[in-house]
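Thank you all for coming. I would like to walk through one model this morning, going from the chains down to single residues, and I will give each cut-off as it comes up.

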Amino acid sequence: MSKHKWSHPKSNEASTTAWRSAGQLEDTKEFRNWMDREFPQGAAELEIDDDGTSRRNFLQLMGGATALAGFGLTSCRRPEKYVQPYADAPEWVIPGKPTHYASVIPGAFDVTPVVVVSHEARPTKLEPNKLHPSGSGVAATEQASILDLYDPSRSKAFLCKGEVISRETFNTEFKKAVEGKKVAVLTDDLNSPTRQRLSQASEAKFYSYNATKGFANRKAIEEAFGENIDLSYDFSKAKRILSLDADFLGTETQGSVQGYYDNRKVEGNDYRQKKTVEDLNRLYVVEGPYSLTGGMADHRLRIAPSQVIKVASLIAKELGASVKGCDYSSLTTFQKKWAKGCAKDLKENKGQSVVVAGLRQSKELQLLAFAINEVLGAYGSAVKTLQAERKGFGTLEDLIADVKAGKVDAVVSTTPSNPVYNAPTNLEFSKTLKENEVALISLGLYNNATANCADLHAPIAHPLEQWNDYRSGDGTYTISQPLILPLHGGVSEIEVISAIDNKGDFAAVESGNAAGLTQVRETFNQVAKSIDDKIWKQALRDGFVAGTAVEASASLNLASVKVKDAPALPVAKNGQLELVFVTDSSVLDGRGINNPWLQEAPDPVSKITWDNAAYISPKTAKDLGIYDKIVELAPKSNLVDNFGAKIGPEIEKAKITDTKDWESGKRTAPVIEVECNGHKLKFPVMIAFGQAEGVIAIPTGYGQGYDENYWRQWEEKDFWYIGTGKNDPDLVDVTTGLAPKENTTLVGVNRGFNVNPFRSVDSDYIASSVSLEIRPERYKVAQTQEHHAMYGRALAREISTYGGDFNKSLKKVKKQGADSHAPENISLYKQRGSTEWWKKDSNGQQTALLSDKVHQWAMTIDLNVCNGCNACLVACQAENNIPIVGKEQVARGREMHWVRMDRYFAKMEYHGEEPSADKGDVDNVEMIPQPVACSQCESAPCETVCPVNATVHSEEGLNTMAYNRCIGTRYCANNCPYKVRRFNFFDYNKRNPLIDKNLYKGPAGKKQVETGAHLQRNPNVSVRMRGVMEKCTYCVQRLEMAKIKQKQVLKSKVYASGKPSHEIKIKHEDLRVSANEVKVACQSACPSEAIKFGNLLNEKDDVNAAKASKRNYDLLNYLNTKPRTSYLARVKNPYKYMPDAKYIGNVTVDMH
Amino acid sequence: MANVFPRWTNFVPIKIALCIVMVVAAAITFFVYYANPEAQRVGYQPTQPIPFSHVVHAGQLGMDCRYCHSFVEESGHANVPSANTCWNCHQHVKTDSPKLEPLRAAVDKNFEGYTGAPIEWVKVHNSPDYVKFDHSAHVNRGVSCVSCHGRIDEMEVVHQDQSHTMGWCLDCHRAPENHLRPIEEVTNMAYDAEEYLKTEAGQKLVEHAEACGYKASITNQQELGAFLRSQWTIGPKESCFTCHR
């Protein structure tokens, strides 16, 4: 008898590849090494370079500390603790139970209606306000704003030319600067009715500035529709959407996206609706660098952003919009076919299709989009013209013009945009103000460049500390109420405007929040047309007043769009390059630089943390001769795949860098020096797949301040400098000429590179005429991309609606990857806790594990609507007290995020056909995000290896962690196939990881309290210490809360029936939490409701319907771990007349 | 050659060894008896800023626990009453007592020493941060205050009555019938199951149990608890996440 030897079927040569990084694509030795280890080499070792603490050194310190502790043992009696009840208890506060208030968080593009969770008057978490018409999820940037509230490095002091002054002095100085002067107020550009009302009554002139929105959009709207108009897109009414370089699902929201996702869901939001493929919407995206919207596209055309207008004009022409000029003859055949196919589809769906243009794209492109929408009949259905609240507000350009004309004596800036740092260089903001002797009075949350440059600076109140009101994206009047008094005596915008109107006299303004309340209440009375307290209270409770959107009567007033000839196509080989300044998903225009949650959240596309970099496509990198420097190639012939087969042909051996460096967090990127707009700046350069050729994309908002530790970011000491001077002791900021050291806090200092010197009003988004030099130095980068990778398996899956028979495609979902040929999971041993086991158990015989008949928790994640935006990641961090670890620790693979956002790139599938330029863009790739947290396996491999039973299975199917029992062997993480366990290598919660070498000092290190926000922490979740393993437990604290609340059923039944308690029968069903009631943190934060969570034993829970979907599959099913979290495959909906329709949405289908 | 060590030294190592064994044994005995939570915690009786007497309030006056600890059925915390709760009565009763000065300092605006600062009561029952105990989950399911806190109504100064160790918690989670009682009796400090069963309410309970087809007899706490456990589907969990999360 021969032993049965199962061999892996031979791989199809033409089969697809999916990869996460250039390293994996090229299969470098370094990547292999990295993959082979559970934690990267450096991650598991206490080893530090240069002059740092060594292991021996550390033991010495620890020994000393222990000896000292001995002296402290004066008494064995534990210290006395105190209970301090309120002297006068406030209404509604129940100690131990959070209160909830509706409020609103102003963002960069839109406001987010939220419900603020407050523990004993301490706001800790932001949840979406689902009552609100545009209340869907809380994005990462808004979620993280709660950390700013408690940031100890927040601006706390009033400043006069950088010197700390008292509030009284500030008041006098303010009065001096403002009284009888021509005052200009520079505000945010969000729609605030109270600000509008005050501005109309005020003698001061108002201007708005928001660097993330740029200048072109407003100019285009004013030209096409008139003044004070906003466009609001309602994607629920759009079945076909064309995005012209607009990241409307990601960083550039232009109205609520809820409708988009609802139309995207194959089985509807509750997974119970019978929809057909025809009901699915379709998204076309034309863009340069990959955006999250591009990742969601059914058809994505990559083209340099300056060339987008050519595609747009061709589409406009096809649709019959009147366009003049614009020569699109330089488009390739494929691009033309693509545009024509897209136009055909839009035309067929007239009245149900819409075009969205990027806000910072050229004015012509936006006008073109307006014209196309007119032809498509989008106005009145998918596009609404709303009355904005910026009547009479000038732009930053107007302000500078007025300053030059001597119409302004003082500028009071309340914009969060930091104009000194990021105003276009041709406006010369700070210089113009100085030359014209205009006083700059700035109000801000941080002492940033504007604050330090200003003549007077006051800390502004955080949005949760002040009264305000806004119109949300759909125009609904939304009230922002304070939850806490200003922690550092911050001044609100309303207070300042009122003071200006009172001759600069703060004494004449009601103090504290009273001024805000009076003014907002007055606006409310006008908006709601009522002075009834009842209605006001209802509005405060709900956070908004329904039906208050004001539609503008303006209609499109555009005869024909004249389009200038687009610049020539950038060709890297000829040295023609194009710079694109993309909005960074974390720090936006720079306002998020001091927020550690945002800094540590990996960029959704590049997965870089704590920095920005210049991104170029692989082909452009090769043309520039820099590709090999980025990816150090290894001889491929030595490499084998998981099953022992050799991968790929033998290629030329290239330089291999020291793998040790790479693994121990010293991974570096080569540096380029870019010259543009008269400035020469350096950037680390990285590969971006799917980016248009000839384009260098650099995110905005970084490089706001540097200090003496800056050199540690570089591979060699000699290469640290900024601007022009090598080893410049003052690290002079090229924009302001100031030493920027003080412009950021400990979080934002030494972070990334500033692109603003390249930008002017006209080249606010795109800059051509760029030259580039490759530098010898290398910069350290911290990417999470390759940490915890899962190699070569069909993990994120997708199918396509192409080919007519969607059911056939659906059947393919469960048969992708190893599941296509791996034997079925059949076990003779009937395992306790298996899915079948508890379902069959109805006679009550089983009393052992997983015996709970009330709750069995489970989750589904729908990849079809997940765009990878990080909202879940940051929400989890806020809910579960997850610490940040700092750039150096991230580089060593020690990040602590419980939800990891994986992102895969995959080549198009040509089904064995020869790819050609006609069929599609062969260098284009698809992008699929996949959030992975602990899957709560029923047969969890981690549990069996724990020597101390610190991770055990609960009766309800949770894989729980008893932190106080964990001794930190890390066996569990080693045995976890999903790599979702995180280990506290240091006391990240207690010691500040941002101070250089601080973590290595052990007990001698500086405490987190100085920069950390311990006040934000959730009191219901343990704060983990050093040496403890942690991971997602389905927000077990929320589950327990819900269960305990449900247990009151006995008492309420006693009260309701009047019977004695022993007569009340409580059944299992009575103790069951009602369907869809409990929401976990990631689920409630998700803007697309991609995550469903609930009880498997409650049929009404949406999670059961989702699990019944044919798209449902388990991750690594063949390992038989029986995960409770399952995924729903992504569905691509290509249009059959598009040239590449056949090849889309199949990247994982043939994987095996 | 003369012996370097005299003969008596032969026994020195044995003596030393014996001595060490005895010292170690004594140390272990000491720790087992005096350094364990039962010995350390039980009886902890700190002095409070106001000599509040539960004997007077809960015992003689017969006030319900929930008048002061008002959120015990709602919240995880059994709140210590805020100063204005005390003031509800004490603005009329014994207002001028010097013992009540800390209260007046907190709440009485006409008092010369008024500060408005909360009273600092010393915590008697401390559980570690990693233990999440929820009062409402217990009192709403028929576990009495007495089970964990003892006869508070007989304590002039409150002390810790039970050890509150994890083993002690698990004893009850494994056999809740030893502590379950009708919801109406949860705050009854003097409750005794056998006495209760003799009362009219107790008789009705037994009758109801029989009417429901409950087979076993109900004569003592265990039997009463077992009936209530089945009646209310009480299944306390023993897995870690119940208290640690």
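Let me begin with burial: a residue is called buried if 20 or more other C-beta atoms lie within 10 Å of its own, exposed if there are 12 or fewer, and partly exposed in between, with the C-beta atoms placed from the backbone. By that criterion, buried residues make up 27% of the 245 residues in chain B, and 56% of the 1152 residues in chain A.

Please keep in mind that this is a predicted model, in which local features need pLDDT of at least 70 and side-chain atom pairs count only at pLDDT 80 or more, while totals for chains, interfaces and linings use all residues. Residues are numbered from 1 along each chain as its sequence is written, and chains are lettered from A, with ligands numbered from 1, in the order in which they are written.

Staying with chain B, its secondary structure comes to 12 helices and 1 strand, where helices (H or I, at least four residues) and strands (E, at least two) are DSSP runs numbered from the N terminus. Along the sequence the pattern is α-α-α-α-α-α-β-α-α-α-α-α-α.

For contacts, two residues qualify if their C-beta atoms, placed from the backbone, lie within 7 Å. Considering contacts with a separation of 6 or more, residues 24 or more positions apart account for 67% of them in chain B and for 75% in chain A.

How do the two chains meet? In the model, 49 residues of chain B are in contact with 45 residues of chain A. On the chain B side, α11(B) gives the most, with 4 residues, and the elements giving two or more residues include α5 (83-90), α6 (101-107) and β1 (121-122) of chain B. By class, that side has 22 nonpolar, 15 polar and 12 charged residues; here Ala, Val, Leu, Ile, Met, Phe, Trp, Tyr, Cys and Pro count as nonpolar, Asp, Glu, Lys and Arg as charged, and the others, Gly among them, as polar.

Turning to chain A, there are 34 helices and 44 strands. The chain is divided into domain 1 (155-214 + 391-545), domain 2 (229-387), domain 3 (572-783) and domain 4 (798-954 + 1037-1143), with bounds that come from an automatic or database domain assignment. Between domains 3 and 4 of chain A, the contact takes 18 residues from domain 3 and 21 residues from domain 4.

As for the interior, a nonpolar core is a set of buried Ala, Val, Leu, Ile, Met, Phe, Trp, Tyr and Cys residues joined through C-beta atoms within 7 Å. In the largest such core, of 235 residues, A:Leu244, A:Leu368 and A:Leu579 touch the most other members, and helix α11 (residues 308-319) of chain A supplies the largest share, 8 residues. Beyond neighbours within four places in sequence, A:Leu368 is in contact with residues including A:Ile309, A:Ala312 and A:Val563.

A:Val580, in strand β24 (residues 578-582) of chain A, is buried, because 24 other C-beta atoms lie within 10 Å. Leaving out residues up to four places away in sequence, A:Val580 touches A:Gly288, A:Pro289 and A:Tyr765, among others.

Finally, two backbone details deserve a look. Most residues other than glycine have a negative phi. A:Asn750, however, has a positive phi of about 65°; it lies in the loop between β29 (695-699) and β30 (766-767) of chain A and counts as buried, with 27 C-beta neighbours inside 10 Å. A:Ser769 has a positive phi of about 50°, and with 13 other C-beta atoms within 10 Å it is partly exposed.
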